[in-house]
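Please look over the sequence and the model shown here before reading on.

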Amino acid sequence: MSNKIPIIDVSAFVNNTENKTEVAEQINRACREVGFFYIIGHGIDVNLQLKLEEISKKFFELPLESKLKTKRDAQLIGYFNVGDHLTSGLPDIREGIWIGEELDPDDEIAKQKTPLHGPNSFPDDDLPEFRHIILEYMNCLVNLGHKLVECLALSLGLEGSYFYDRYTKKPFHQIGLSHYPPLKSNTEVKNWGFGEHTDYGLLTILKQDKTGGLQIKTQSNEWIDAPPIENSFICNIGDMMDRITGGIYKSTLHRVKVQLEKDRYSFPFFFEPNFFSKVKMIDGLNTTIEDKENRWDKVSVYDFDGTYGEYILNKVYAAVPEAQTSIQ
Ligand SMILES: O=C(O)CCC(=O)C(=O)O
Ligand SMILES: [Fe+2]
């Protein structure tokens with residue numbers, strides 16, 4: 001069924017060459033019809049991807065007390081254990097670490113202790129090379145994000161810098177390393193590795209290992225597998241892109257199955273509007289698709305009038321109930 005999710009070569013944008021129009025057309029079709037697409041020709045070094053996978057695995061293999069040294073704090077970044085994240089009401093069967101933009105402690109945003117932003121707490125004592133690998137990977141993915149939103153802009157018939165000028169000059173961005181521990185084959189659970197949800201921002205660029213388990217819901221309400229494809233990333237549109245395009249581009253439901261007998265690792269990177277920006281529909285667009293009843297959380301992306309930061313924090317607080325009480 002994976003042929004419903006197109007594989008798109010984005011090298012024209014990565015290398016800034018002439019044949020961008022055809023790629024933008026493929027992206028347009030994918031975003032209207034599925035909300036998900038694989039990318040190849042992305043230019044992200046295979047060795048760096050390997051280093052990311054290896055170091056993440058080493059991190060999750062550390063004893064719990066070592067992982068807890070980077071425990072998710074009031075700023076909502078850091079490590080969380082299996083069961084600590086309730087994506088759609090039920091605890092997910094995965095552990096993870098969220099890493100935000102690494103900011104200097106003197107940076108104004110850091111001084112304000114802005115949630116979801118660094119300085120991060122890295123496992124420097126146990127894995128000194130973790131910090132460097134993750135920051136290098138994030139840096140490369142920010143660059144890729146800029147190229148992909150240029151492509152998204154052209155795909156909508158907008159000028160290439162449309163998103164950059166309005167939302168992504170200083171993009172909010174974050175990586176979430178995830179480990180889905182295996183269940184024994186005779187265990188029955190109603191939980192998901194990652195419960196069904198849509199993503200919150202503009203664009204998610206996900207690297208998954210070889211295990212599989214990601215599923216997405218098509219417009220005909222059927223769940224299909226989004227299996228790993230070697231040296232590709234799977235991208236999807238988030239709620240803000242849905243809002244900007246009046247629902248023409250779909251923020252699509254997805255989830256992750258629990259694995260039997262196999263560990264799974266995945267590495268979603270979120271390329272998002274500036275944390276303090278208000279996201280608006282494209283001027284003159286004549287479509288508002290009222291999606292509330294159909295949405296997993298029954299909240300319409302159009303009802304919300306705050307900043308992107310407020311939008312994402314509402315979502316995160318709903319999934320991490322103890323965070324709100326520890327902050328407020
Ligand atoms: O682990 C995966 O494959 C999906 C992760 C995901 O959906 C997310 O982080 O939003
Ligand atoms: Fe997601």
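## Strand β5 and its partners

In β5, Q174 is the residue that G100 stands opposite, and the strands β4 and β5 run antiparallel, joined by six bridges; helices (H or I, at least four residues) and strands (E, at least two) are DSSP runs numbered from the N terminus, and two strands pair if DSSP finds at least two bridges between them. The model is predicted, so that local features need pLDDT of at least 70 and side-chain atom pairs count only at pLDDT 80 or more, while totals for chains, interfaces and linings use all residues. Residues are numbered from 1 along each chain as its sequence is written, and chains are lettered from A and ligands numbered from 1 in the order in which they are written.

β5 also pairs with β12 in the antiparallel sense, over seven bridges, and here H173 has F271 of β12 opposite. Eight of the nine residues of β5 are buried, which leaves the strand mostly covered; a residue is buried if 20 or more other C-beta atoms lie within 10 Å of its own, exposed if 12 or fewer, and partly exposed in between, with C-beta atoms placed from the backbone.

## The eight-stranded sheet

Both pairings belong to an open sheet of eight strands with mixed pairing, in the order β1-β2-β10-β7-β12-β5-β4-β3. Because β1 (7–9) and β3 (78–80) stand at the edges with a single partner strand each, one side of each is left without a neighbour in the sheet. From one strand to the next, the twist averages 25°, where axes are lines fitted to C-alpha atoms, for helices over the stretch in contact, and angles run from 0 to 180 degrees between N-to-C directions.

Helix α3 (residues 46–61) packs on this sheet and touches β4 (95–100), β5, β7 and β12, its direction making about 115° with that of β12. Contact means that the C-beta atoms of two residues, placed from the backbone, lie within 7 Å.

## The four-stranded sheet

A further open sheet has four strands in the order β6-β11-β8-β9, with antiparallel pairing. Its edges are β6 (194–197) and β9 (223–225), each with a single partner strand, so one side of each is left without a neighbour in the sheet. Within it, β8 (residues 214–217) and β11 (residues 254–256) pair over three bridges in the antiparallel sense, and L214 has V256 of β11 as its bridge partner.

## Around ligand 1

L214 and V256 are also among the residues that surround ligand 1, together with others including F194, D199 and H254; to be near the ligand, a residue must have its C-beta atom, placed from the backbone, within 6 Å of it. At least two residues of this shell come from each of β5 (172–180), β7 (203–208), β11 and β12 (264–272), and β7 gives the largest share, three residues.

## The nonpolar core

The largest nonpolar core has 76 residues, of which I27, F37, L148, C151, L203, I205 and C235 touch the most other members; such a core is a set of buried Ala, Val, Leu, Ile, Met, Phe, Trp, Tyr and Cys residues joined through C-beta atoms within 7 Å. Helix α6 (residues 130–155) gives the most to this core, with 11 residues. Leaving aside neighbours within four places in sequence, C151 is in contact with V10, F13, V23, A24 and I27.

## A loop position

Q112 lies in the loop between α5 (108–111) and α6, and Q112 counts as exposed because it has 9 C-beta neighbours inside 10 Å. From C-alpha to C-alpha, Q112 and G195 are 32 Å apart in space and 83 residues apart in sequence.
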